[in-house]
Amino acid sequence: MIKNKSVIEKFLSPSKIVVLTGAGVSAASGVPTFRGKEGLWKKYSPQELANPQAFAAKPELVWEWYIWRRNLINQVKPNSAHHALVDLEKMNSGFTLITQNVDNLHRQAGNTRVIELHGNIMKNKCFDCNKTSDSEVHLNNGLPHCTYCGGLIRPDVVWFGEALPFEALQNAQSAVTECGLCLSVGTSGVVEPAASLPFQAKAHGAYVVEINPEQTPLTEHADLFIQDSADKVLPEIIIELKLAINQ
Ligand code: OAD
């Protein structure tokens, strides 16, 4: 897989490793991706379900969709790609995992240095005052309201047209400017500002590895493109790294 000694050295060097993940990492767990043949955006419309105007107009419809996704995600488990990234975090003291996924599977697997760029589908916040909320959401009890301002409670995810959480984006941007190795895994690389992060890493001198069964806008700029699924490739990389450490 990565038999090349100089690539293995980049993984084992003390310089920082940043991993950017997207929906493809959770595909083997059974969480649908957004784009591609079976992608969510083929069956559902982001205009109707994933933007603030849609929530303001039809909050019940938007909540129904998010409750469906929550239930689906509650039934799945992290896969071998998630577990391999936990091993990689243990091997690198400057490790940062930046994810566009809202499914919480990286934390569930055991990663601790996680930046959630697009929020977390299991969390709620107020649509008006933005305060986080622990309300349980069951639509048969009516829509939940904020205990501070009375506004509607919404899922704590980033919708189209919304800014990313400021601190998360800042931390992600400084991580990519400081890393020696940047992995882009399972993302189509078309949603900004996440899509630019591997390019920023490269501009600051990092070695960029992309893992994806399909080519993306990053592919021709990556130093190494591994055209395969993350759940296969990442565990193989960990085996290679452990072999190299024990040699
Ligand atoms: P996409 O659905 O756009 O892309 C998923 C990528 O995963 C594709 O490039 C696939 O080729 C790849 N893929 C599929 N199976 C894989 C596997 N087993 N291993 C590795 N790669 C695999 O998902 P994202 O790039 O994450 O935003 O999408 C970015 C953002 O667009 C999402 O966070 C979401 C969406 O709209 C918001 O909701 C704000």
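Let's start inside the protein, with helix α6: its buried residues are Pro59, Val62, Trp63, Trp65, Tyr66, Ile67, Arg69, Arg70, Leu72 and Ile73. Keep in mind as you look around that this is a predicted model. The helix itself covers residues 59-74, 16 residues in total. From its first C-alpha to its last it reaches 22 Å, close to the 22 Å expected at 1.5 Å a residue.

What do the buried residues of α6 pack against? Their partners include three helices, α3 (40-43), α4 (46-49) and α5 (52-57). Two strands take part as well, β4 (119-126) and β6 (153-157). As a reminder for reading such a list, residues three or four places apart in an α-helix point the same way, because there are 3.6 residues a turn.

Now zoom out to the whole chain. The secondary structure amounts to 11 helices and 9 strands. With a radius of gyration of 19 Å, close to the 18 Å that the globule rule gives for 247 residues, the protein is as compact as a globular protein of that length. Its C-alpha trace spans about 60 × 30 × 30 Å along the principal axes. Of the 247 residues, 49% are buried. If you take the contacts between residues at least 6 apart in sequence, 66% of them join residues at least 24 apart.

Gln247 sits in the segment after α11 (230-246). Is Gln247 buried or exposed? Its relative accessibility is 83%, so Gln247 counts as exposed. From there, jump to Pro193, which is 54 residues away in sequence and 40 Å away in space, C-alpha to C-alpha. Pro193 belongs to the loop between β7 (181-185) and α10 (197-203). The peptide bond that joins Glu192 and Pro193 is cis, with omega at about 0 degrees.

Finally, have a look at two asparagines with backbone angles worth checking. Asn104, in the loop between β2 (96-99) and α8 (105-109), has a positive phi of about 70 degrees although it is not a glycine. Asn104 is partly exposed, at a relative accessible area of 23%. Asn130, found in the loop between β4 and β5 (132-133), also has a positive phi, near 75 degrees, and is likewise a residue other than glycine.

Terms used
Residues numbered from 1 in each chain as written. Predicted model: local features only at pLDDT ≥ 70, side-chain atom pairs only at ≥ 80, totals over all residues. Heavy atoms only, no water. Helix = DSSP H or I, 4+ residues; strand = E, 2+ residues; numbered from the N terminus. Rg over C-alpha atoms; globule rule 2.2 N^0.38 Å. Buried < 20%, exposed > 50% of the residue type's maximum accessible area, 1.4 Å probe, protein only. Contact = heavy atoms within 4.5 Å. Expected span 1.5 Å × (residues − 1).
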